[in-house]
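Visitor: I am new to this structure. Please show me how to read its features.

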Amino acid sequence: MLNQEYSIKIAHLYPNLLNIYGDFGNIIALKKRLEDRNITCEVINFSVCDDPYEKINECNVFFIGGGQDIQQNEVAKSLKQHKDFFTQKANEGNVFLGICGGYQLMGEYYKPHDMDKQEGLGILDVYTVASSKRFIGNVSVKLKKEIFDGTLVGFENHSGLTYITSEETKAIGDVIVGNGNNGDDKQEGACKNNVFGTYLHGSFLPKNPKFADYLIFQALKTKYQKEIVLPPLDDKIETLTHESLLRFLS
C-alpha cells in the first residue's frame with residue numbers, strides 16, 4: 001500500500017464500438033492493479049456523442065481497443081472532430097494505449113481495402129494499409145530497453161500492415177515469434193513519449209503485468225510530477241502464465 005492518497009482517471013474510448021477479442025480486460029487489469037495499491041481509480045466511458053472537454057478532460061490514461069473496419073470508420077470521424085483535444089493530452093504526457101484498430105487510429109491514417117482512408121490522430125508516426133494476407137496467431141516480443149528489459153506475449157489478428165515513419169516513434173519491441181507490425185521488419189507496436197500502440201490482444205495487460213505497471217508508473221509521474229515507487233503485488237500466477245506462454249512459443 002502507498003502511504004499517500006493518489007488517484008487515476010481512465011478514459012475508455014468508444015467501448016461500444018471498439019471492444020473486440022477481450023480488449024476490455026485491459027481496463028479491468030489497470031483498475032485492479034491500481035486499487036490493489038490503494039490508488040483510487042475511476043473509469044469513464046467516452047462515445048461518439050460525448051464532448052471530451054466535459055467528460056474526460058481530467059483523465060490521465062486513455063485506452064482505445066480494436067474492432068471491425070465499419071466501426072473503426074465511425075470512430076475515425078469522431079477522433080478527427082476532437083483531434084486537437086487528444087493531441088494536447090498526448091503532448092502533456094498522459095498515457096495512451098491503443099490495441100489493433102485503436103493502434104491504427106492513433107497513427108497518421110489507416111487505408112482499408114474498400115473504404116476511404118481513415119484519418120488518425122497522428123500522435124504516433126505510423127501509417128497502416130490493408131493487406132490481402134491476415135496475420136493470426138500467438139506472438140512473443142522482446143521489449144526495447146528504452147522501455148524496460150522484458151518480454152511481451154499476446155495474440156494478433158490483423159490484416160493491416162503498419163509502418164513507422166520517423167525516428168521519434170519507436171517500435172515497442174522486436175518480434176520473437178509471430179508477425180508484428182507488418183511481417184517484414186519483425187517489429188511490434190509503436191511508442192512515442194507515453195503513447196503506446198500494439199497489435200497484441202489477449203487481453204494484453206493481464207498477460208503482461210509489468211507493462212501494465214509501467215503504464216501506471218508513467219501516468220502517476222505525469223499527473224504528480226514526480227516518480228512514485230509502486231509497491232509490488234503478488235504476481236506469482238501472472239508471472240507463471242507469462243513465462244509458460246514464452247516457453248510454449250519458443
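Guide: Keep in mind that this is a predicted model. Let's start with a strand.

Visitor: Which way do the side chains of strand β3 (residues 61–64) point?

Guide: In a regular strand the side chains alternate between the two faces of the sheet. In β3, V61 and F63 point one way, while F62 and I64 point the other way. All of them are buried.

Visitor: In what sense do β3 and strand β4 (residues 95–99) pair?

Guide: They pair in the parallel sense, over four bridges. Within that pairing, V61 stands opposite V95 in β4. Strand β1 (residues 7–13) also pairs with β3 in the parallel sense, over four bridges. There, H12 has F63 as its bridge partner.

Visitor: Now the core. Which residues touch the most other members of the largest nonpolar core?

Guide: I56, F86 and F211 do, in a core of 65 residues. Helix α7 (residues 209–224) gives the most to this core: seven residues.

Visitor: What does F86 touch?

Guide: Leaving out residues up to four places away in sequence, F86 touches L13, Y14, F46, I56, F62, L79, F96, L121 and I123. F62 is one of the buried residues of β3.

Visitor: Is C191 buried or exposed?

Guide: C191 is buried, because its relative accessible area is 11%, under the 20% cut-off. C49 is exposed, with 67%.

Technical notes
Residues numbered from 1 in each chain as written. Predicted model: local features only at pLDDT ≥ 70, side-chain atom pairs only at ≥ 80, totals over all residues. Heavy atoms only, no water. Buried < 20%, exposed > 50% of the residue type's maximum accessible area, 1.4 Å probe, protein only. Core = buried A, V, L, I, M, F, W, Y, C linked by side-chain atoms within 4.5 Å. Helix = DSSP H or I, 4+ residues; strand = E, 2+ residues; numbered from the N terminus. Contact = heavy atoms within 4.5 Å. Pairing = 2+ DSSP bridges.
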